[in-house]
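This report looks at a few local features of one protein model. Please keep the sequence and the 3D view open while reading.

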Amino acid sequence: MKFLRLTVIAAATLAAPLACAQSTGKLKVGLMLPATGTFAALGTAIDNGFRLYVAEQGGKLGGREVEYVRVDDESDPAKATDNINKLIKRDNVDVVVGSVHSGVAMAMAKVAKDTGTLLIVPNAGADAVTGPMCAPNIFRSSFSNWQPGYAMGEAMAKKGHRKVVTITWKYAAGDEMVRGFREAFTKAGGAVVKELNLPFPNVEFQALLTDIAATRPDAVFAFFAGGGAVKFVKDYAAAGLKSGIPLYGTGFLTDGTLEAQATDAEGLLTTLHYADSLNTPRDNAFRLAYAKAYKLQPDVYAVQGYDAAQMLAIGLAAVKGDVGKKAEFAAALRKARIDSPRGAFTVSASHNPVQDIYLRQVVGKQNQVVGVASAALADPGRGCRM
Ligand code: PHB
């Protein structure tokens, strides 16, 4: 009897790791993205892009059929730990893809690091995720907040601007894009004369616009995104500032927003790792496939979702679908050249894209390429030890 009980326990212990780390059967992908709030459209575009790439592979990655579990994270950092824990512990996902908001992504990275769960970040730029929080099982398919901010610091200095006011939401993404901007802009001799902020996701811009008018800088650098970006660009124009104090920003200010911003966005210059007029065979094929599948034009968020799936595919191909082989998975991505619609990119030692940052200008309903603001720009990965 005792022998039998021991055998049962031994069998259960042996079976447990197999149940958590299957390399066959369906691949469960947890998509933790906003479906409500100011970033809702961004979450949809990422989801669309991810599924498009998987569909192009016949619905399988690493030889395993893909199955999705979707969570609305509401861009709420306070709910992020519970949300990702549910995906990992209740739904037993093999990989988590998320999210958009930097505060949410930092909470996710902590859990991913502690549990060893594979995490691919398809937007949130939080510098810490590929800095002090970096880990062998955490990757980003998008950008670090530092990257487009830094590129715009160089670009605005080249335009001859010297005194700039910055304006953004007061949280990691805004703070870090402004910090990257300031680093490059002051190195080139410029000065940030005022840093304006409001809490995320507030859109009561009036008092801050009055402050900009009174300060009379050479130009303004802004980070807003989604619904907030639509309202900011419209309010800036309505306040009569657009012609006298040129508005610049990271490309999120005008990406996926141009239908709603209409002529108020015309002419704006921004920096980002994607643009609407790249006109490469790779991007043209992607844009056509996306438009066919969703009856929508893609944007940077769709590209980042698509590339998160590509990165997962590259890693999984190297481990034949076994997400438990983390070192081999990471090694494959570290030597990969990812064939993105944005242009091919590589992955840095801290697992962030090394990529060209374009200078773009709004012409009609497109962010058209003006040139490359910063070629093969790598985030410094400060604080990452792996
Ligand atoms: C972020 O919180 O990291 C973030 C959100 C929206 C964007 C870009 C960055 O468009």
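Is Cys 134 buried or exposed? At 2% relative accessibility, Cys 134 counts as buried, where buried means under 20% relative accessible area, exposed over 50% and partly exposed in between, with a 1.4 Å probe and protein chains only. The model is predicted, so local features need pLDDT of at least 70 and side-chain atom pairs count only at pLDDT 80 or more, while totals for chains, interfaces and linings use all residues. Residues are numbered from 1 along each chain as its sequence is written, and side-chain values use heavy atoms, with hydrogens and water left out.

**The disulfide**

A disulfide is a covalent bond between the sulfur atoms of two cysteines. Here the term is applied to a pair of cysteine sulfur atoms within 2.5 Å. A search of the whole structure finds one disulfide. Its partners are Cys 134 and Cys 384, with sulfur atoms 2.2 Å apart. The torsion about their S-S bond is about 85°, so the disulfide is right-handed. Cys 134 sits in the loop between strand 5 (118-121) and strand 6 (138-140), and Cys 384 in the segment after strand 14 (366-377), so the pair ties together parts that are 250 residues apart in sequence. Strands (E, at least two residues) and helices (H or I, at least four) are DSSP runs, numbered from the N terminus.

**Helix packing**

Helix 2 (residues 40-56) packs against helix 11 and against helix 10. Axes are lines fitted to C-alpha atoms, for helices over the stretch in contact, and angles run from 0 to 180 degrees between N-to-C directions.

| Pair | Angle | Axis distance |
|---|---|---|
| Helix 2 and helix 11 (residues 300-318) | about 40° | 6 Å |
| Helix 2 and helix 10 (residues 281-294) | about 105° | 11 Å |

Helix 2 is therefore roughly perpendicular to helix 10, whereas helix 2 and helix 11 are oblique to each other. Angles under 35 degrees count as roughly parallel, over 145 as roughly antiparallel, 65 to 115 as roughly perpendicular and the rest as oblique.

Contact means heavy atoms within 4.5 Å. In helix 2, Ala 45, Asn 48, Gly 49, Arg 51, Leu 52 and Glu 56 meet Phe 286, Ala 289, Tyr 290, Ala 293 and Tyr 294 of helix 10.

**Thr 117**

Thr 117 is placed in the loop between helix 4 (102-115) and strand 5. With 11% relative accessibility, Thr 117 counts as buried. Leaving aside residues up to four places away in sequence, Thr 117 touches Ile 88, Val 96, Ala 112 and Asn 137.
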